[in-house]
Amino acid sequence: MSIRFEKVNYIYQQATPFEHQALYDITLTIPTGSYTAIVGHTGSGKSTLLQHLNGLLKPVSGRIIIGDQEITSLTKNKELGTLRKHVGVVFQFPEAQLFEETVLKDIAFAPKNFGSSEQEALETARQMAKLVDLPEYVFNKSPFELSGGQMRRVAIAGVLAMKPEVLVLDEPTAGLDPKGRIEIMDMFQNLKIQQHLTIILVTHQMDDVARYADNVIVLEKGHLLANNFPEKIFSDSKWLQEHHLALPQATRFAKELQKRADSFNFSKVPLTEEELAIQLIQRINEVKQNDE
Amino acid sequence: MQNVIEISDLSFRYPQQTDDLFAHIDLTVGKGEWVALIGHNGSGKSTIARLIDGLLVPNKGTIKVCGLQVNEKNVWQVRKKVGMVFQNPDNQFVGANVEEDVAFGLENQGIARSQMQLRVKKALKKVSMWEFAKHEPANLSGGQKQRVALAGIIAMKPEILILDEATSMLDPEGKKDVIQIIQELNQQENFTVISITHDIDEAALAGRVVVLNDGKILQDATPKKVFSRGEKLLSVGLDVPFSEKLKTALKKEGIQVPENYLTKKGMVDWLCQYVSKK
Amino acid sequence: MNKIILGRYIPGKSFLHRLDPRSKLVLSFLFILIIFFANNWRTYILLGIFTFFCILLSKISLGFFLKGVRPLIWLILFTVVLQIFFTRGGPTYWQFGPLSITHFGLVNGGYVFCRFVLIIFMSTLLTLTTSPLEIADALENLMLPLKKFKVPVYEISLMISIALRFVPTLMDETEKIMNAQRARGVNFGEGGLIKQLKAIVPLLIPLFVGAFNRAEDLATAMEARGYRGGEGRTKYRFHAWHKNDTLSCIIFGLLAAILLFLRSW
């Protein structure tokens with residue numbers, strides 16, 4: 001399901017003294033099946049943009065086309081039901097949305113809202129709980145008795161239970177420990193491959209952008225600054241610096257290496273330590289051959 | 001070096017649990033040290049911090065803070081020596097605005113108002129938040145709120161600063177600001193710092209890293225020593241610095257890498273040397 | 001929510017903003033009291049002019065005050081109409097059964113209308129120029145004598161102060177949870193009563209759980225910062241009684257004196 005923004009503007013508390021514009025003329029495309037990262041500082045308009053993806057906010061002007069649905073300022077809330085089913089959103093600290101008596105019931109909440117029977121919904125919930133690696137013994141426990149990491153998984157399963165085609169993730173690993181972080185990010189990667197999801201990731205972690213994304217959107221103060229492949233975005237370190245954006249660690253390391261020795265010339269910007277290692281070995285072998 | 005924290009044979013268990021969270025822990029921290037406490041979620045790092053401040057009571061063992069044993073009698077004295085910054089910036093902001101929040105601890109000590117005004121101003125200037133003195137918390141970023149929390153501690157003039165994942169909910173800029181202030185406090189004002197963190201780059205700033213796992217201290221050494229056992233850290237669910245990650249990736253491709261831990265700069269040096277040697 | 005003006009605070013630096021909240025609170029209360037002493041058009045004009053003068057002093061546009069009246073307009077009109085129809089006396093202009101419109105009725109209706117508007121304007125003026133926290137402080141100060149009767153005045157005041165500080169945080173939280181549940185297919189504010197009540201549960205439970213977690217965190221943080229009850233605490237927030245406060249009291253005294261004089265004139 002592809003997503004297209006056309007000249008989207010959004011203004012909070014319009015026509016009051018507290019009026020404040022959060023998005024300016026945003027035009028962009030998020031292709032079907034892509035892993036798109038949205039980056040930018042606090043206040044750049046990331047979360048406002050995110051809330052447009054499933055109709056929680058409607059543009060003040062311009063339009064958004066998601067699949068075969070168009071959203072403008074005139075779209076009625078009633079027409080947004082199917083959209084919300086197709087676009088699942090995992091908000092920041094999603095465990096704050098848990099409320100049911102048991103883990104399974106909570107996961108079954110969304111499918112029930114979208115018309116599944118109790119039986120069907122619980123069956124879906126069971127599948128989703130397994131999908132996010134929750135151990136079976138917690139299925140009928142209260143979600144509030146679980147550890148932070150497990151609560152996070154329950155909340156994610158609760159969104160996956162709608163079987164969305166697009167999955168929007170707002171800082172999904174915030175507050176987790178390193179192991180939990182890697183597990184959750186790998187889980188999304190697997191889901192994307194198995195279920196052909198389109199993933200949209202809002203994050204500050206440039207290493208995650210470098211490792212997982214194939215499309216990057218950069219926002220600054222409500223304006224679209226760039227929309228390109230990660231290799232392109234991270235190749236211009238001067239531009240990134242001007243906009244106070246960090247480089248992925250591997251790219252930064254490669255930069256420093258290049259500064260020290262001209263022999264380290266990278267044909268392609270390395271984004272992860274694996275890519276960097278492979279390129280380094282090529283370099284080393286070339287130097288070796290030249291010497292011989 | 002004088003010890004400001006002495007923990008001996010410490011055991012703790014939460015009332016509703018059957019197993020000890022940790023048992024027989026010994027740990028001393030010297031004045032002016034910066035100790036990073038790392039371990040996966042649920043390893044008991046935060047619990048240790050709360051025990052030091054007398055917010056929880058141990059099942060066994062003793063804790064001494066600046067020579068004072070932490071017990072019911074001394075707890076208020078101990079809390080004067082220890083300042084804590086917690087994880088969630090919103091949930092520790094008591095005052096109606098920035099200056100009042102900084103004054104909260106001073107009010108509790110019954111310090112005269114004229115004295116409070118001086119200390120609040122000085123502390124807020126130290127964290128570059130004086131111009132925000134009248135701002136309400138709702139209009140501040142997470143990083144700014146944590147800086148206010150730090151000012152609240154600076155104003156109290158404690159000996160020890162405990163950061164309980166204080167930067168984990170901040171964006172990269174907020175993180176940078178907070179860490180910079182902590183470095184200044186540690187280096188210029190000789191604050192003893194205990195930072196509980198998952199951020200490996202933050203832990204690398206410490207003079208000592210203590211790894212907590214399965215209710216025991218797995219390792220207690222310099223960052224250099226601790227990080228050189230990268231695989232071990234990964235196996236207990238922790239992160240390793242980037243240079244270690246790169247070393248692992250190179251090793252996988254069949255390159256002979258040095259055993260000891262290298263900083264990023266060290267790694268660059270080594271690679272340059274490696275190439276020129278060939 | 002944005003439509004309600006009464007109870008809102010607009011930050012500013014006007015004469016009225018800078019007055020001590022204690023004098024503002026007491027004087028507003030006394031003003032409302034003396035409104036009931038007004039008994040002829042001269043006294044109402046006097047109070048009207050005074051109110052208008054205060055509004056000018058606050059440097060807040062008149063629109064805010066008119067908006068403050070709007071939500072209460074039906075209540076006001078209802079009371080005025082009752083006054084007009086049921087007051088007897090003076091020449092009768094119209095009569096139908098027990099209902100009549102008399103001269104006295106019209107005059108009384110007019111007075112009641114003026115009384116309402118003056119009360120609303122004055123209380124709006126108080127809240128527009130005084131932050132909730134200042135009002136809480138003023139109340140604490142005025143309640144201090146109650147300490148003799150073992151009323152925990154400081155604790156109550158700290159409670160109110162924390163409650164006010166967390167209002168925006170909890171509003172934020174509410175919005176976040178509503179968004180998360182909307183994304184899971186909940187429609188707030190739609191459907192029949194039962195459906196709407198059902199939609200509240202997934203909002204209220206997370207909100208309560210979150211608030212309790214916050215409370216626990218906050219209690220820990222407060223204790224870590226040495227909070228052990230109100231005894232022996234000093235206070236950073238301070239309201240100084242200025243010359244302007246004394247001046248306001250004198251002006252009010254004069255106003256009351258003129259009012260009493262005009263009453264019997």
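Domain bounds, as used below, come from an automatic or database domain assignment. The model is predicted: local features need pLDDT of at least 70 and side-chain atom pairs count only at pLDDT 80 or more, whereas totals for chains, interfaces and linings use all residues. Residues are numbered from 1 along each chain as its sequence is written, chains are lettered from A and ligands numbered from 1 in the order in which they are written, and side-chain values use heavy atoms, with hydrogens and water left out.

**Exercise 1. Domains of chains B and C**

Task: State how far apart the C-alpha centres of the two domains lie in chain B and in chain C.

Solution.
Step 1. In chain B, domain 1 covers 3-96 + 156-227 and domain 2 covers 241-277. Their C-alpha centres are separated by 32 Å.
Step 2. In chain C, domain 1 consists of 1-130 + 238-265, and domain 2 of 154-233. Here the C-alpha centres lie 36 Å apart.

**Exercise 2. Chain A as a whole**

Task: Describe the secondary structure, the dimensions and the burial of chain A.

Solution.
Step 1. Chain A has 11 helices and 10 strands; these are DSSP runs, helices being H or I with at least four residues and strands E with at least two, numbered from the N terminus.
Step 2. Along the principal axes, the C-alpha atoms of chain A fill a box of roughly 75 × 55 × 35 Å.
Step 3. Of the 292 residues in chain A, 54% are buried. Buried means under 20% relative accessible area, exposed means over 50%, and partly exposed lies in between (1.4 Å probe, protein chains only).
Step 4. A contact requires heavy atoms within 4.5 Å. Among contacts in chain A with a separation of 6 or more, 61% join residues 24 or more positions apart.

**Exercise 3. The setting of A:Asn54**

Task: Determine where A:Asn54 lies, whether A:Asn54 is buried or exposed, and what A:Asn54 touches.

Solution.
Step 1. A:Asn54 belongs to the loop between helix H1 (46-52) and strand E4 (61-66) of chain A.
Step 2. Its relative accessible area is 0%, so A:Asn54 is buried.
Step 3. Not counting residues up to four places away in sequence, A:Asn54 touches A:Leu83, A:Arg84, A:Val87 and A:Val89, together with C:Ala183 of chain C.

**Exercise 4. The setting of C:Thr130**

Task: Locate C:Thr130, and list the partners of its side chain.

Solution.
Step 1. C:Thr130 sits in the loop between helix H6 (103-129) and helix H7 (132-143) of chain C.
Step 2. C:Thr130 is classed as buried because its relative accessible area is 1%.
Step 3. Leaving aside neighbours within four places in sequence, C:Thr130 is in contact with C:Tyr9, C:Pro21, C:Lys24 and C:Ile135.
Step 4. A polar contact is a pair of N or O atoms within 3.5 Å; within protein, one must be able to donate a hydrogen and the other to accept it, and residues adjacent in sequence count only if both atoms are side-chain atoms. The side chain of C:Thr130 makes such a contact with the side chain of C:Lys24 (3.2 Å). That side chain of C:Thr130 also reaches the backbone oxygen of C:Leu126 at 2.6 Å.

**Exercise 5. Chain C against chain B**

Task: Characterise the interface by its area, its salt bridges and its composition.

Solution.
Step 1. The interface brings 26 residues of chain C into contact with 35 residues of chain B.
Step 2. Buried area is the accessible area (1.4 Å probe) that two parts lose on being put together, summed over both. Between chain C and chain B it is about 2,800 Å², with 54% from carbon and sulfur atoms. C:Arg165, C:Arg225 and C:Tyr236 supply 34% of the area that chain C buries against chain B, more than any other three residues.
Step 3. A salt bridge places a side-chain nitrogen of Lys or Arg within 4 Å of a carboxyl oxygen of Asp or Glu. Five salt bridges are counted between chain C and chain B. One of them joins B:Glu100 and C:Arg237, with the closest N and O atoms 2.5 Å apart.
Step 4. There are also 15 residue pairs in polar contact between chain C and chain B (both at pLDDT 80 or more). On the side of chain C that touches chain B, helix H8 (153-183) and helix H9 (193-224) of chain C are the elements giving two or more residues. H9(C) gives the largest share, eight residues.
Step 5. That side of chain C divides into 12 nonpolar, five polar and nine charged residues. Ala, Val, Leu, Ile, Met, Phe, Trp, Tyr, Cys and Pro count as nonpolar, Asp, Glu, Lys and Arg as charged, and the others, Gly among them, as polar.
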